[in-house]
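Grab your viewer and let's work through a couple of exercises. Try each task before you read its solution.

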Amino acid sequence: MIFCNVIAFDDAVRHVLLALDDGDSVALSGALTPKVWTDKQGNTRPALDLIAHAALTTYHVTRKRKAAQGKFGTQVQAEGFDDERQ
C-alpha cells in the first residue's frame, strides 16, 4: 500500500476534493514528489506528496460529454446538414 498525501491551494480544486465521498474516483494533476516515512515499528514505507493543480471526477466527465453532444447537435443543425438532402 502506498499513501498519497494531496494538498490543493486552488479554490476550485479544493471544492472538488472536499465534495468527494468514500469510494469516489478522481483524477488529479500536479507536482508529485516521492517520499519515505517510518512506521511505529521502524519500517520505512513509500509515500507520495501531490500538490494538485487540477481535479477531474466522473461527474465532470459526464457533464462535459453531455455539453459536447449538445454543441455537436447544434452545430450540425446550424450548418444545414440534413439526412434527407443526401
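This is a predicted model: local features need pLDDT of at least 70, side-chain atom pairs count only at pLDDT 80 or more; totals for chains, interfaces and linings use all residues.

Residues are numbered from 1 along each chain as its sequence is written, and side-chain values use heavy atoms, with hydrogens and water left out.

**Exercise 1.** Find which residues make up the largest nonpolar core.

Step 1: look for buried Ala, Val, Leu, Ile, Met, Phe, Trp, Tyr and Cys residues joined through side-chain atoms within 4.5 Å; buried means under 20% relative accessible area, exposed over 50%, and partly exposed in between (1.4 Å probe, protein chains only).

Step 2: Helices (H or I, at least four residues) and strands (E, at least two) are DSSP runs, numbered from the N terminus.

**Exercise 2.** Work out how many salt bridges there are.

Step 1: search for a side-chain nitrogen of Lys or Arg within 4 Å of a carboxyl oxygen of Asp or Glu. That gives 3 salt bridges.

Step 2: start inside helix α1, where Asp 11 and Arg 14 sit 3 residues apart, about one turn; their closest N and O atoms are 3.1 Å apart.

Step 3: Lys 35 pairs with Asp 49 at 3.6 Å. Lys 35 is in strand β2 (residues 26–38) and Asp 49 in strand β3, so this pair ties together parts 14 residues apart in sequence.

Step 4: finish with Arg 45 and Asp 39, at 3.2 Å, N to O. Here Asp 39 is buried at 12% relative accessible area, while Arg 45 is partly exposed at 36%.
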